[in-house]
Amino acid sequence: MLESKPNTTRLHEVEGRKAARQGAAFGNAGSENFKATAEETTMALEKTYSVVATGAADFHHQWIEIVRFNTNSTLDFVQQLFSVRSPTEFLELSSAHFRTQFETFTEQSRHLTGMAQKMTTNAVEPLQAGIKSALSKTA
């Protein structure tokens, strides 16, 4: 019976080392997965930032063009007002200008809304792909 105690102790020692090695291997694998996930998330965020920055620049450029167009249109209208000779002519010119401006504004609003929606959709795609990839690797 005395001999079985040292064998049991030795067996526990071997099993303990084996469990420690398995735990260390598991920890290393988890660390590698975390690192890969962090790198993919960083790449996805960089792509998203790039898409948003480009989209915002395009949006602002288009907005400035719209402001320029509307300013020129208003200046043309004011210039036309100088040639008005009667109240009726003033009302006709004003009505035509405001109708045109309303239609233009509606179209400009649609265009800017479409640009914003496209930018948002394009910005979300890299995030979705990154999250999907990260989740598939951790699973």
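The model is predicted: local features need pLDDT of at least 70, side-chain atom pairs count only at pLDDT 80 or more, and totals for chains, interfaces and linings use all residues. Residues are numbered from 1 along each chain as its sequence is written, and side-chain values use heavy atoms, with hydrogens and water left out. The protein has two helices and zero strands. Helices (H or I, at least four residues) and strands (E, at least two) are DSSP runs, numbered from the N terminus.

**Overall picture**

- Of the 139 residues in the protein, 14% are buried. Buried means under 20% relative accessible area, exposed means over 50%, and partly exposed lies in between (1.4 Å probe, protein chains only).
- The accessible surface of the protein is about 11,000 Å², and carbon and sulfur atoms account for 63% of this surface. Accessible areas come from the Shrake-Rupley method with a 1.4 Å probe; for residues, only the protein chains shown count as cover.
- Contacts (heavy atoms within 4.5 Å) can be sorted by separation in sequence. Among those between residues at least 6 apart, 78% join residues at least 24 apart.

**Thr48 and Leu127**

- Thr48 is part of helix α1, which covers residues 4–81. Its relative accessible area is 11%, so Thr48 is buried.
- Leaving aside residues up to four places away in sequence, Thr48 touches Ala123, Pro126 and Leu127.
- Leu127 belongs to helix α2, which covers residues 87–138. Leu127 counts as partly exposed because its relative accessibility is 30%.
- Leu127 also forms a nonpolar patch on the surface with Leu45 and Ile131, and together they have about 260 Å² of accessible area. Patches are made of residues with over 30% relative accessible area and no salt bridge; like charges are joined within 9 Å, and nonpolar side chains (Val, Leu, Ile, Met, Phe, Trp, Tyr) within 5 Å.

**The aromatic pair**

- Rings of Phe, Tyr and Trp (its six-membered ring) pair if their centres lie within 6.5 Å; planes under 30 degrees apart count as stacked, over 60 as edge-to-face and the rest as tilted. By this rule there is one aromatic pair.
- The pair is tilted, because the rings of Phe77 and Phe98 have their planes at 55 degrees, with centres 6.0 Å apart.
- Phe77 lies in helix α1 and Phe98 in helix α2, so the pair ties together parts that are 21 residues apart in sequence.
- Phe77 counts as buried because its relative accessibility is 10%, whereas Phe98, with a relative accessible area of 53%, is exposed.

**Salt bridges**

- A salt bridge is a side-chain nitrogen of Lys or Arg within 4 Å of a carboxyl oxygen of Asp or Glu. By this rule the protein has two salt bridges.
- In one of them, Arg68 is joined to Glu65, with the closest N and O atoms 3.0 Å apart. Both residues lie in helix α1, three residues apart, or about one turn of the helix.
- Arg68 is partly exposed at 45% relative accessibility, and Glu65 is partly exposed with a relative accessible area of 28%.
- Glu107 and Arg110 also form a salt bridge, at 3.3 Å from N to O. About one helical turn separates Glu107 and Arg110, because they are three residues apart in helix α2.
- Glu107 counts as partly exposed at 46% relative accessibility, whereas Arg110 counts as exposed at 55%.
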